[in-house]
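This report describes selected features of one protein model and its ligand. The sequence and structure come first, and the text follows.

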Amino acid sequence: MDPSRHAGRSLDTKAVHGYLGRDPRTGAVSFPIYQSATFAHPALHESTGYAYSRCGNPTVLELENTIALLEGGLKSLAFASGMAAITTLLKSFVPKDRILVSLDLYGGTYRLFKDVYARYGIEFRFVDFTDLDAVRAELTPNTRALFLETPTNPTMQVADLRALSDIAHGNGALLIVDNTFLTCLFQRPFEHGADLVVYSGSKYLCGHNDVTCGFIVLKDDSHLERIFMDYMSEGAALAPFDAWLMLRSLKTLGVRLRRQQESALRIASWLKRHPHVTDVFYVGDPDHPDYALSCRQTDGFGAMISFNVDSNERLLEVLRRVDVITFAESLGGCESLITYPFVQTHGSMPLDIRERLGIGERFLRLSVGMEDADDLIADLEQALA
Ligand SMILES: *Cc1c(COP(=O)(O)O)cnc(C)c1O
(Lines give C-alpha, C1' and ligand atoms only; values in the text may rest on other atoms or scores of the structure.)
Protein backbone atom coordinates (compact mmCIF):
# COMPACT_ATOMS: atom_id res chain seq x y z
CA MET A 1 0.00 0.00 0.00
CA ASP A 2 1.38 3.32 -1.02
CA PRO A 3 1.01 5.95 1.72
CA SER A 4 0.94 8.71 -0.91
CA ARG A 5 -2.62 7.54 -1.56
CA HIS A 6 -3.60 9.74 1.40
CA ALA A 7 -2.70 12.94 -0.47
CA GLY A 8 -5.63 15.32 -0.77
CA ARG A 9 -7.89 13.28 1.50
CA SER A 10 -9.58 14.78 4.53
CA LEU A 11 -8.47 14.16 8.08
CA ASP A 12 -11.55 12.02 8.75
CA THR A 13 -10.73 9.69 5.87
CA LYS A 14 -7.10 9.41 6.96
CA ALA A 15 -8.17 8.72 10.56
CA VAL A 16 -10.54 5.93 9.51
CA HIS A 17 -8.03 4.25 7.20
CA GLY A 18 -4.81 4.72 9.17
CA TYR A 19 -1.38 4.97 7.59
CA LEU A 20 -1.15 1.49 6.09
CA GLY A 21 -4.64 0.60 7.24
CA ARG A 22 -4.94 -3.00 6.19
CA ASP A 23 -2.32 -5.50 7.24
CA PRO A 24 -0.11 -5.86 4.14
CA ARG A 25 0.43 -9.57 4.69
CA THR A 26 -3.10 -10.85 5.40
CA GLY A 27 -5.38 -8.03 4.31
CA ALA A 28 -6.86 -7.85 7.84
CA VAL A 29 -8.94 -4.66 7.89
CA SER A 30 -8.34 -4.19 11.60
CA PHE A 31 -4.60 -3.70 11.84
CA PRO A 32 -3.22 -6.68 13.83
CA ILE A 33 -1.83 -6.54 17.35
CA TYR A 34 1.76 -7.74 17.13
CA GLN A 35 1.97 -8.96 20.68
CA SER A 36 5.62 -9.93 20.56
CA ALA A 37 8.53 -8.59 22.57
CA THR A 38 11.18 -9.85 20.18
CA PHE A 39 11.52 -10.51 16.44
CA ALA A 40 13.57 -13.21 14.72
CA HIS A 41 16.33 -12.19 12.32
CA PRO A 42 16.46 -14.01 8.97
CA ALA A 43 20.28 -14.14 9.18
CA LEU A 44 23.20 -12.22 10.63
CA HIS A 45 23.02 -8.57 9.49
CA GLU A 46 19.54 -9.15 8.10
CA SER A 47 16.40 -7.75 9.69
CA THR A 48 12.66 -7.66 9.19
CA GLY A 49 12.86 -4.03 10.34
CA TYR A 50 12.05 -5.07 13.91
CA ALA A 51 14.26 -6.40 16.69
CA TYR A 52 12.69 -5.71 20.08
CA SER A 53 9.40 -3.98 20.93
CA ARG A 54 10.92 -1.31 23.18
CA CYS A 55 12.60 0.07 20.05
CA GLY A 56 9.84 -0.60 17.53
CA ASN A 57 6.73 -2.72 17.06
CA PRO A 58 4.56 -2.97 13.92
CA THR A 59 1.27 -2.06 15.67
CA VAL A 60 2.89 0.85 17.49
CA LEU A 61 4.54 2.01 14.25
CA GLU A 62 1.20 1.98 12.46
CA LEU A 63 -0.20 4.21 15.21
CA GLU A 64 2.84 6.52 15.13
CA ASN A 65 2.62 6.86 11.36
CA THR A 66 -1.11 7.54 11.56
CA ILE A 67 -0.61 10.30 14.15
CA ALA A 68 2.15 11.89 12.04
CA LEU A 69 -0.12 11.72 8.99
CA LEU A 70 -3.00 13.41 10.82
CA GLU A 71 -0.83 16.09 12.43
CA GLY A 72 1.00 16.87 9.20
CA GLY A 73 4.39 15.92 10.64
CA LEU A 74 7.21 13.72 9.42
CA LYS A 75 7.26 11.29 12.31
CA SER A 76 5.66 10.63 15.66
CA LEU A 77 6.74 8.54 18.62
CA ALA A 78 4.25 6.87 20.95
CA PHE A 79 4.74 6.70 24.71
CA ALA A 80 2.99 5.06 27.65
CA SER A 81 1.61 8.44 28.80
CA GLY A 82 1.62 12.10 27.97
CA MET A 83 4.04 12.71 30.81
CA ALA A 84 6.43 10.08 29.39
CA ALA A 85 6.35 11.92 26.04
CA ILE A 86 7.06 15.29 27.66
CA THR A 87 9.80 13.73 29.82
CA THR A 88 11.57 12.38 26.74
CA LEU A 89 11.28 15.77 25.09
CA LEU A 90 12.93 17.43 28.08
CA LYS A 91 15.95 15.16 27.68
CA SER A 92 16.90 17.29 24.66
CA PHE A 93 17.75 20.17 27.00
CA VAL A 94 20.82 20.61 29.18
CA PRO A 95 21.56 22.46 32.43
CA LYS A 96 21.25 26.26 32.16
CA ASP A 97 18.85 26.05 29.22
CA ARG A 98 15.84 28.23 29.81
CA ILE A 99 12.36 27.15 28.74
CA LEU A 100 9.41 29.54 28.81
CA VAL A 101 6.27 27.70 29.84
CA SER A 102 2.55 28.57 29.93
CA LEU A 103 1.67 29.96 33.33
CA ASP A 104 -1.64 28.19 33.04
CA LEU A 105 -0.73 24.59 32.40
CA TYR A 106 -1.74 21.00 33.06
CA GLY A 107 -0.86 20.47 36.73
CA GLY A 108 1.17 17.32 36.09
CA THR A 109 3.35 19.10 33.55
CA TYR A 110 3.86 21.94 36.01
CA ARG A 111 4.99 19.43 38.64
CA LEU A 112 7.28 17.60 36.19
CA PHE A 113 9.01 20.85 35.29
CA LYS A 114 9.18 22.49 38.71
CA ASP A 115 9.70 19.54 41.01
CA VAL A 116 11.59 17.09 38.81
CA TYR A 117 13.48 18.75 35.95
CA ALA A 118 14.37 21.99 37.72
CA ARG A 119 16.58 19.67 39.85
CA TYR A 120 18.65 18.92 36.76
CA GLY A 121 19.42 22.60 36.22
CA ILE A 122 16.90 23.40 33.48
CA GLU A 123 15.41 26.81 34.13
CA PHE A 124 11.64 27.06 33.70
CA ARG A 125 10.02 30.49 33.53
CA PHE A 126 6.25 30.53 33.70
CA VAL A 127 4.78 33.28 31.53
CA ASP A 128 1.44 34.44 30.27
CA PHE A 129 1.63 33.68 26.55
CA THR A 130 -1.31 35.94 25.80
CA ASP A 131 0.96 38.87 26.72
CA LEU A 132 3.60 38.97 23.95
CA ASP A 133 5.60 41.74 25.64
CA ALA A 134 5.83 39.66 28.79
CA VAL A 135 7.14 36.78 26.65
CA ARG A 136 9.78 38.98 24.98
CA ALA A 137 10.86 40.29 28.39
CA GLU A 138 11.71 36.73 29.49
CA LEU A 139 13.89 35.91 26.49
CA THR A 140 17.60 35.39 27.15
CA PRO A 141 20.36 34.01 24.92
CA ASN A 142 19.98 30.64 26.67
CA THR A 143 16.20 30.48 26.07
CA ARG A 144 15.89 27.31 24.02
CA ALA A 145 12.16 26.74 23.82
CA LEU A 146 8.66 28.01 24.41
CA PHE A 147 6.37 25.27 25.71
CA LEU A 148 2.70 26.06 25.65
CA GLU A 149 -0.84 24.76 25.74
CA THR A 150 -3.60 26.47 23.82
CA PRO A 151 -6.32 26.70 24.91
CA THR A 152 -4.81 26.55 28.37
CA ASN A 153 -5.92 24.17 31.07
CA PRO A 154 -8.12 25.08 32.88
CA THR A 155 -8.68 28.79 32.22
CA MET A 156 -9.06 28.48 28.42
CA GLN A 157 -6.73 31.24 27.30
CA VAL A 158 -5.65 31.17 23.67
CA ALA A 159 -2.07 31.76 22.56
CA ASP A 160 -1.26 33.28 19.16
CA LEU A 161 0.81 30.49 17.64
CA ARG A 162 2.13 32.46 14.67
CA ALA A 163 3.24 35.42 16.79
CA LEU A 164 4.88 33.12 19.33
CA SER A 165 6.67 31.05 16.71
CA ASP A 166 8.09 34.28 15.26
CA ILE A 167 9.26 35.32 18.73
CA ALA A 168 10.76 31.88 19.42
CA HIS A 169 12.55 31.60 16.09
CA GLY A 170 13.86 35.17 16.33
CA ASN A 171 15.63 34.01 19.48
CA GLY A 172 16.81 30.69 18.02
CA ALA A 173 14.34 28.83 20.25
CA LEU A 174 11.82 26.09 19.48
CA LEU A 175 8.07 26.39 19.74
CA ILE A 176 6.62 23.28 21.38
CA VAL A 177 2.84 22.95 21.58
CA ASP A 178 0.84 20.57 23.75
CA ASN A 179 -2.10 19.95 21.41
CA THR A 180 -4.09 17.72 23.76
CA PHE A 181 -7.19 19.92 24.06
CA LEU A 182 -8.06 20.55 20.41
CA THR A 183 -6.14 17.77 18.65
CA CYS A 184 -5.07 17.80 15.00
CA LEU A 185 -8.75 17.76 14.04
CA PHE A 186 -9.19 21.38 15.15
CA GLN A 187 -5.66 22.76 15.46
CA ARG A 188 -2.48 21.92 13.55
CA PRO A 189 0.35 23.90 15.19
CA PHE A 190 2.87 23.03 12.45
CA GLU A 191 0.83 25.19 10.06
CA HIS A 192 1.45 28.12 12.41
CA GLY A 193 5.19 27.65 12.82
CA ALA A 194 5.47 25.19 15.73
CA ASP A 195 8.51 22.89 15.67
CA LEU A 196 7.29 20.06 17.88
CA VAL A 197 3.87 18.90 19.04
CA VAL A 198 3.24 16.81 22.14
CA TYR A 199 0.12 15.04 23.28
CA SER A 200 -1.52 13.37 26.10
CA GLY A 201 -3.21 10.79 23.87
CA SER A 202 -5.14 9.67 26.95
CA LYS A 203 -7.70 12.42 26.37
CA TYR A 204 -9.47 13.18 23.05
CA LEU A 205 -7.26 11.03 20.82
CA CYS A 206 -8.22 8.02 22.92
CA GLY A 207 -11.67 9.32 23.74
CA HIS A 208 -12.83 6.34 25.81
CA ASN A 209 -11.10 6.87 29.15
CA ASP A 210 -9.41 3.50 28.79
CA VAL A 211 -5.82 4.06 27.63
CA THR A 212 -3.03 6.32 28.82
CA CYS A 213 -0.59 7.26 26.11
CA GLY A 214 1.36 10.18 24.74
CA PHE A 215 3.04 11.35 21.55
CA ILE A 216 5.86 13.53 20.35
CA VAL A 217 5.25 14.65 16.77
CA LEU A 218 8.18 15.97 14.74
CA LYS A 219 7.70 18.36 11.88
CA ASP A 220 10.94 17.36 10.16
CA ASP A 221 14.05 15.32 10.89
CA SER A 222 16.02 18.05 12.68
CA HIS A 223 15.53 16.50 16.16
CA LEU A 224 14.65 12.99 15.12
CA GLU A 225 17.94 11.25 15.84
CA ARG A 226 18.29 12.68 19.35
CA ILE A 227 14.69 12.11 20.39
CA PHE A 228 14.58 8.63 18.88
CA MET A 229 17.75 7.73 20.78
CA ASP A 230 16.12 8.78 24.06
CA TYR A 231 12.86 7.01 23.15
CA MET A 232 14.42 3.64 22.50
CA SER A 233 16.98 3.90 25.28
CA GLU A 234 14.55 4.75 28.05
CA GLY A 235 11.77 2.28 27.41
CA ALA A 236 8.64 4.38 27.93
CA ALA A 237 7.18 3.03 24.69
CA LEU A 238 3.49 2.24 24.30
CA ALA A 239 2.39 -1.42 24.42
CA PRO A 240 1.02 -3.02 21.21
CA PHE A 241 -2.47 -3.65 22.59
CA ASP A 242 -2.78 -0.02 23.72
CA ALA A 243 -1.57 1.08 20.29
CA TRP A 244 -4.30 -1.02 18.70
CA LEU A 245 -6.96 0.51 20.97
CA MET A 246 -5.69 3.94 19.93
CA LEU A 247 -5.91 3.08 16.21
CA ARG A 248 -9.50 2.04 16.89
CA SER A 249 -10.19 5.30 18.75
CA LEU A 250 -8.76 7.49 16.01
CA LYS A 251 -11.29 6.19 13.51
CA THR A 252 -14.03 8.10 15.37
CA LEU A 253 -12.03 11.19 16.33
CA GLY A 254 -13.93 13.49 13.97
CA VAL A 255 -17.41 12.23 14.90
CA ARG A 256 -16.65 12.35 18.59
CA LEU A 257 -15.11 15.80 18.72
CA ARG A 258 -17.69 17.47 16.53
CA ARG A 259 -20.51 16.02 18.60
CA GLN A 260 -18.79 16.95 21.87
CA GLN A 261 -18.22 20.47 20.58
CA GLU A 262 -21.84 20.82 19.49
CA SER A 263 -23.00 19.89 22.99
CA ALA A 264 -20.37 22.14 24.59
CA LEU A 265 -21.62 25.15 22.61
CA ARG A 266 -25.14 24.52 23.91
CA ILE A 267 -24.05 23.86 27.49
CA ALA A 268 -21.80 26.94 27.62
CA SER A 269 -24.59 29.24 26.52
CA TRP A 270 -26.99 27.56 28.97
CA LEU A 271 -24.48 28.01 31.81
CA LYS A 272 -24.05 31.69 30.94
CA ARG A 273 -27.72 32.27 31.61
CA HIS A 274 -27.79 30.31 34.88
CA PRO A 275 -28.34 32.49 37.98
CA HIS A 276 -25.86 30.49 40.13
CA VAL A 277 -23.07 30.60 37.52
CA THR A 278 -20.99 33.78 37.66
CA ASP A 279 -18.43 33.22 34.88
CA VAL A 280 -18.10 30.85 31.92
CA PHE A 281 -14.83 30.20 30.11
CA TYR A 282 -15.33 28.54 26.74
CA VAL A 283 -13.33 29.46 23.64
CA GLY A 284 -16.38 28.90 21.42
CA ASP A 285 -18.26 31.66 23.25
CA PRO A 286 -18.31 34.78 21.01
CA ASP A 287 -17.76 36.84 24.19
CA HIS A 288 -14.49 35.00 24.97
CA PRO A 289 -11.66 37.58 24.67
CA ASP A 290 -9.74 35.32 22.23
CA TYR A 291 -12.72 34.29 20.11
CA ALA A 292 -11.45 36.06 16.96
CA LEU A 293 -7.97 34.56 17.38
CA SER A 294 -9.49 31.09 17.81
CA CYS A 295 -11.51 31.53 14.63
CA ARG A 296 -8.32 32.49 12.79
CA GLN A 297 -6.03 29.75 13.97
CA THR A 298 -8.29 26.76 14.64
CA ASP A 299 -11.04 24.78 12.93
CA GLY A 300 -12.97 24.28 16.14
CA PHE A 301 -13.29 25.15 19.80
CA GLY A 302 -13.27 21.77 21.46
CA ALA A 303 -15.47 20.73 24.33
CA MET A 304 -13.77 21.92 27.52
CA ILE A 305 -15.70 24.44 29.60
CA SER A 306 -14.70 26.01 32.90
CA PHE A 307 -17.06 28.01 35.07
CA ASN A 308 -17.41 29.66 38.45
CA VAL A 309 -20.44 29.03 40.61
CA ASP A 310 -21.55 31.56 43.21
CA SER A 311 -20.06 29.88 46.29
CA ASN A 312 -17.81 27.05 47.43
CA GLU A 313 -20.82 25.40 49.12
CA ARG A 314 -22.56 25.35 45.74
CA LEU A 315 -19.47 23.83 44.11
CA LEU A 316 -19.32 21.02 46.67
CA GLU A 317 -23.03 20.41 46.20
CA VAL A 318 -22.59 20.19 42.42
CA LEU A 319 -19.86 17.58 42.84
CA ARG A 320 -22.13 15.57 45.15
CA ARG A 321 -25.22 15.81 42.95
CA VAL A 322 -23.99 15.21 39.40
CA ASP A 323 -25.10 11.85 38.11
CA VAL A 324 -24.92 11.74 34.29
CA ILE A 325 -21.69 13.72 34.64
CA THR A 326 -18.97 11.90 36.57
CA PHE A 327 -16.84 13.59 39.21
CA ALA A 328 -13.41 12.39 38.06
CA GLU A 329 -10.10 13.65 36.76
CA SER A 330 -9.17 13.53 33.06
CA LEU A 331 -11.05 14.77 30.02
CA GLY A 332 -11.87 14.17 26.40
CA GLY A 333 -13.68 10.84 26.69
CA CYS A 334 -17.23 9.70 25.88
CA GLU A 335 -18.17 10.11 29.54
CA SER A 336 -18.61 13.73 30.65
CA LEU A 337 -16.31 14.46 33.57
CA ILE A 338 -16.27 17.31 36.05
CA THR A 339 -13.23 18.27 38.12
CA TYR A 340 -12.35 20.70 40.85
CA PRO A 341 -8.95 22.00 39.61
CA PHE A 342 -8.17 23.93 42.80
CA VAL A 343 -7.65 20.68 44.73
CA GLN A 344 -7.34 18.09 41.96
CA THR A 345 -5.51 18.70 38.67
CA HIS A 346 -3.91 21.96 39.83
CA GLY A 347 -3.49 21.20 43.52
CA SER A 348 0.30 21.11 43.16
CA MET A 349 0.44 24.65 41.73
CA PRO A 350 1.37 27.39 44.25
CA LEU A 351 -1.60 29.20 45.72
CA ASP A 352 -0.55 32.63 44.43
CA ILE A 353 -0.43 31.35 40.84
CA ARG A 354 -3.79 29.64 41.21
CA GLU A 355 -5.19 32.89 42.58
CA ARG A 356 -3.66 34.96 39.79
CA LEU A 357 -5.17 32.63 37.20
CA GLY A 358 -8.57 32.60 38.86
CA ILE A 359 -8.46 28.89 39.76
CA GLY A 360 -10.27 29.25 43.05
CA GLU A 361 -12.75 27.48 45.26
CA ARG A 362 -15.75 28.25 43.03
CA PHE A 363 -14.07 27.08 39.82
CA LEU A 364 -15.12 23.88 38.01
CA ARG A 365 -13.90 22.30 34.79
CA LEU A 366 -16.27 20.28 32.64
CA SER A 367 -15.25 17.91 29.87
CA VAL A 368 -18.35 17.52 27.73
CA GLY A 369 -18.75 13.93 26.57
CA MET A 370 -20.92 12.02 24.12
CA GLU A 371 -24.12 11.78 26.16
CA ASP A 372 -27.26 13.53 24.93
CA ALA A 373 -26.86 17.27 25.48
CA ASP A 374 -30.36 17.55 26.98
CA ASP A 375 -29.48 14.93 29.57
CA LEU A 376 -26.28 16.79 30.43
CA ILE A 377 -28.14 20.08 30.82
CA ALA A 378 -30.83 18.42 32.96
CA ASP A 379 -28.07 16.96 35.14
CA LEU A 380 -26.42 20.34 35.58
CA GLU A 381 -29.80 21.91 36.27
CA GLN A 382 -30.57 19.56 39.17
CA ALA A 383 -26.98 19.82 40.45
CA LEU A 384 -27.02 23.63 40.45
CA ALA A 385 -30.55 23.97 41.87
C1 LIG B 1 -3.47 14.89 30.79
C2 LIG B 1 -2.59 15.88 30.19
C3 LIG B 1 -1.21 15.67 30.15
C4 LIG B 1 -0.55 14.46 30.75
O5 LIG B 1 -0.84 13.31 30.02
P6 LIG B 1 -0.98 11.84 30.66
O7 LIG B 1 -1.38 11.02 29.50
O8 LIG B 1 -2.03 11.94 31.73
O9 LIG B 1 0.34 11.49 31.21
C10 LIG B 1 -0.43 16.62 29.51
N11 LIG B 1 -0.99 17.74 28.97
C12 LIG B 1 -2.31 17.97 29.02
C13 LIG B 1 -2.86 19.21 28.41
C14 LIG B 1 -3.16 17.06 29.63
O15 LIG B 1 -4.47 17.30 29.69
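In which sense do strand 9 and strand 12 pair, and over how many bridges? Strand 9 and strand 12 (residues 363–367) are antiparallel and share five bridges. The model is predicted, so local features need pLDDT of at least 70 and side-chain atom pairs count only at pLDDT 80 or more, while totals for chains, interfaces and linings use all residues. Residues are numbered from 1 along each chain as its sequence is written, and side-chain values use heavy atoms, with hydrogens and water left out.

Strands (E, at least two residues) and helices (H or I, at least four) are DSSP runs, numbered from the N terminus. Two strands pair if DSSP finds at least two bridges between them. Five strands make up an open sheet of mixed pairing, in the order 8-9-12-11-10. Strand 8 and strand 10 (326–327) are at the edges with a single partner strand each, so one side of each has no neighbour in the sheet.

Strand 8 (residues 277–281) runs antiparallel to strand 9 and is joined to it by four bridges. Val 277 has Val 309 as its bridge partner in strand 9, and Val 280 has Phe 307. Met 304 stands opposite Ser 367 in strand 12.

Strand 9 (residues 304–309) has six of its six residues buried, so it is largely enclosed by the rest of the structure. Buried means under 20% relative accessible area, exposed over 50%, and partly exposed in between, with a 1.4 Å probe and protein chains only. Met 304, Ser 306 and Asn 308 point one way from the strand, and Ile 305, Phe 307 and Val 309 point the other way.

Among the buried residues are Gly 82, Ala 84 and Leu 90. At the start of the helix, a side-chain oxygen of Ser 81 comes to within 3.4 Å of the backbone nitrogen of Met 83.

Gly 82 is also one of the residues that come nearest to the ligand, together with Asp 178, Ser 200, Ser 202 and Lys 203, out of 13 residues around it. A residue counts as near if one of its heavy atoms lies within 4 Å.

| Residue | Protein atom | Ligand atom | Distance |
|---|---|---|---|
| Gly 82 | backbone N or O | oxygen | 2.8 Å |
| Asp 178 | side-chain N or O | nitrogen | 2.7 Å |
| Lys 203 | side-chain N or O | oxygen | 2.7 Å |

On its own the ligand has 380 Å² of accessible area, of which the protein covers 93%. Accessible areas come from the Shrake-Rupley method with a 1.4 Å probe.

Thr 66 lies in helix 2 (residues 58–71). Its relative accessibility is 1%, so Thr 66 counts as buried. The Thr 66 side chain reaches the backbone oxygen of Glu 62 at 2.7 Å. Apart from neighbours within four places in sequence, Thr 66 is in contact (heavy atoms within 4.5 Å) with Gly 18, Tyr 19, Leu 247 and Leu 250.

The domain assignment of the protein chain gives domain 1 (3–250) and domain 2 (254–384). The C-alpha centres of domain 1 and domain 2 are 26 Å apart. In domain 1, 39 residues are in contact with 44 residues of domain 2.

Conventions:
Polar contact = N/O pair within 3.5 Å; in protein donor to acceptor, adjacent residues only side chain to side chain. Domains from an automatic or database assignment.
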